[in-house]
Amino acid sequence: MKQAQAEQTATTLGELATPCLVLDAERMERNIARLKARLDGLGVTLRPHLKTSKSVDVARRVMTSPSGPATVSTLLEAEQFAAAGVRDIVYAVGIAPSKLPQVLALRAGGADVTVVLDTVEQAQAVARASRQAGTRIPALIEIDCDGHRSGVLPTDRQLLLDIGHALEDGAELRGVITHAGASYSARGAEALRQCAEVERRSVVDAATVLREAGLPCPVVSVGSTPTAHNAADLTGVTEVRAGVFVFFDLVMAGIGVCQVDDIALSVLATVIGHQRDKGWIVIDAGWMALSQDRGTRRQAIDQGYGQVCDTAGVPYPDLLVADANQEHGIITVRPGSGGKLPDLAIGDRVRILPNHACATGAQHRAYHVVRGASDRVEAEWSRFGGWR
């Protein structure tokens, strides 16, 4: 797979226009190696979710081979990665019938794109489009493992069979898939292990229902970053999907899946003002640069709009972006912490760790790649956004 953008002439963080997105390649590589080693030990395949990075350059480093496997959340992602040589793709959002022509076009171009569904109506639409095109579109039945969002209950045997038989009337039933979304609310290793086991058991039970009825189920797919890092047993599972593990973020740190010093993504910002009587430092990164995701406010430690670090990525004690407007961020000391504002002058730089790596990344068009505490920018990797 070719890089999406050639490496730029070396520069430093101090020379970059702010706000901009910084990626610590050293931390990213460590995060990727950690999960790959864990899943290798459990005997399952990693199918990384590329919605977090939306970058060919990052995809090259996280996939097990240049052709995949991979997971996407938009058909634009599928098109971009297919154009870069990825061939094994799961489009892991419930399929809308209007998007089936795009799926067929991707498959005609050589990409093995699998769709996801949880209703008979969707299965019938996929089967009908398959018959009309003279090809069998593969589909996974989504299983509801925890009431988080969507899917068929693994105990709803009749609905599982109805969907399976509808697919077999022209399409291809490839297996079952689930996402333990409720794991994002779990706290502690034991709670996360329980989420992982519930996730595993749900799809394994659903697969058993299909197979006992004579229906094929070669793929049994689970996936969330919290459960991928805490599953004790993946018997019966064929693959694990996870995405944010590549970068991690403050929500993952709050859950206990990672440490703050594992977070590979940050937003570089410049100090543009002070309100000393209010205890504020003002920066040029507001919610347009940081995103409005406030996922940590539901956790034990609220990180505001992000935790503040120096330019080497080392956090200042109890310093956060407490408020944000469109292009302004307000840095303050955490209330009640007894911390002190650092002596930052106009023009000084800081790096902000994100609450949600996917949401913050979506505000930017490129990653400025550094390594560890170095301020040398060794590459610029493009990223994309939008839908199709």
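User: What is the mean pLDDT of the chain?

Analyst: The mean is 96, and 97% of the residues reach 70 or more. pLDDT is the predictor's confidence in each residue, from 0 to 100. Over residues 1-7 it is below 50. Beyond near neighbours in sequence, that stretch has 20 contacts in the model (contact means heavy atoms within 4.5 Å). Where pLDDT is low, the predicted coordinates should not be read in detail.

User: Pocket next. What volume does the largest pocket have?

Analyst: About 1200 Å³. A pocket here is an open set of points on a 1 Å grid over the protein atoms alone, where a 1.4 Å probe fits, with protein on both sides within 12 Å along at least five of seven lines. The volume is the space filled by probe spheres set on the points, with grid points joined across faces, edges and corners.

User: Which residues lie nearest its centre?

Analyst: Lys-51, Arg-149, Tyr-184, His-356 and Cys-358. The lining divides into 14 nonpolar, 21 polar and 10 charged. Ala, Val, Leu, Ile, Met, Phe, Trp, Tyr, Cys and Pro count as nonpolar, Asp, Glu, Lys and Arg as charged, and the others, Gly among them, as polar.

User: Which element supplies the largest share of that lining?

Analyst: S5, with three residues. Strand S5 (88-94), strand S8 (172-178), helix H9 (250-255) and helix H11 (357-361) each supply at least two. Helices (H or I, at least four residues) and strands (E, at least two) are DSSP runs, numbered from the N terminus.

User: S5 and S8 again: what is the strand order in the open sheet?

Analyst: The order is S3-S10-S9-S8-S7-S6-S5-S4, eight strands with parallel pairing. The edges are strand S3 (45-46) and S4, each pairing on one side only. Two strands pair if DSSP finds at least two bridges between them. Strands S6 (residues 112-117) and S7 (residues 138-143) run parallel and are joined by three bridges. Val-115 stands opposite Ala-139 in S7.

User: Switching to Leu-76. Buried or exposed?

Analyst: Leu-76 is buried, because its relative accessible area is 7%. Buried means under 20%, exposed over 50%, partly exposed in between (1.4 Å probe, protein chains only). Leu-76 sits in helix H3 (residues 75-83). Leaving aside neighbours within four places in sequence, it touches Phe-384, Gly-385, Gly-386, Trp-387 and Arg-388.

User: Last one. What is phi for Ser-291 and for Asp-318?

Analyst: Ser-291 has a positive phi of about 80°, although it is not a glycine. Asp-318, also not a glycine, has phi near 55°. Ser-291 is buried, at 5% relative accessible area, whereas Asp-318 is partly exposed, at 30%. Asp-318 belongs to strand S14 (residues 315-324).

Methods: Residues numbered from 1 in each chain as written. Predicted model: local features only at pLDDT ≥ 70, side-chain atom pairs only at ≥ 80, totals over all residues. Heavy atoms only, no water. 1 Å grid on protein atoms, 1.4 Å probe; cavity = no way out; pocket = protein on both sides within 12 Å on 5 of 7 lines; lining within 4 Å.
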